[in-house]
Amino acid sequence: MSLIYITGMPSSGKSTVRHELQRKGFTAYGGAEDGLAAFFNNETGERINWVESSNRTAEWNEHHTWKIPRKTIEEIKQNSEDKPVFLCAVTRNDKDELWDLFDKVIALTIDEDTLKHRLATRTNNDVGKSKHELEILIERQKTAKVEYEKLGAYLVNATQPIDQVVEDIIKIATPT
């Protein structure tokens with residue numbers, strides 16, 4: 001059994017990939033969609049309900065972290081059967097606290113123009129809708145691909161048609 005982490009910038013296509021993998025019969029979880037990820041207060045450890053973009057100021061972000069608890073990933077891995085299981089998410093604790101739990105990591109990559117367009121037109125959440133978050137994400141995008149390469153992630157160009165993106169992911173996850 002293998003646990004495959006599909007990550008990438010917000011709006012890189014993780015939710016769409018999750019949906020397509022599920023449609024093809026794979027077990028695929030979404031960090032936000034399945035309630036695995038949440039904001040946590042850094043001082044108290046308390047799980048926080050979703051906070052609107054306009055309230056996620058720089059100061060607020062200093063005291064809160066979007067993450068998935070390690071125990072949650074351990075349980076998914078333990079309960080998985082004999083086929084690949086996918087987790088489609090991005091969190092601030094993935095590299096430091098979760099990376100070792102994944103058998104493979106696949107990073108969806110997009111260019112800056114695609115990032116801006118997708119953030120502006122997305123309707124499933126408000127990440128990147130505020131000016132301060134958009135600026136942070138644009139800066140993060142400039143180094144994301146290199147960072148994922150250094151960490152040993154498989155890179156998939158997520159500007160391709162979704163069928164090709166999913167085909168590339170399945171080839172990486174289930175080599176023959």
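Helix 6 contributes the most to the lining of the largest pocket, namely six residues, where helices (H or I, at least four residues) and strands (E, at least two) are DSSP runs, numbered from the N terminus. The model is predicted, with local features needing pLDDT of at least 70 and side-chain atom pairs counting only at pLDDT 80 or more, while totals for chains, interfaces and linings use all residues. Residues are numbered from 1 along each chain as its sequence is written, and side-chain values use heavy atoms, leaving out hydrogens and water.

The largest pocket has a volume of about 1200 Å³. On a 1 Å grid over the protein atoms alone, a pocket is an open set of points where a 1.4 Å probe fits, with protein on both sides within 12 Å along at least five of seven lines, and lining residues have an atom within 4 Å of a point; the points are joined across faces, edges and corners, and a volume is the space filled by probe spheres set on them. Of the 45 residues lining the largest pocket, Met9, Pro10, Val90, Val127 and Leu137 are the closest to its centre. Elements that give two or more residues to this lining include helix 1 (14–23), helix 5 (112–121) and helix 6 (131–150).

The second largest pocket, with a volume of about 180 Å³, is lined by 14 residues, of which Thr109, Ile110, Asp111, Gln141 and Lys145 lie nearest its centre. Strand 7 (104–109) and helix 6 are the elements that give two or more residues to the lining of the second largest pocket, and helix 6 supplies its largest share, seven residues.
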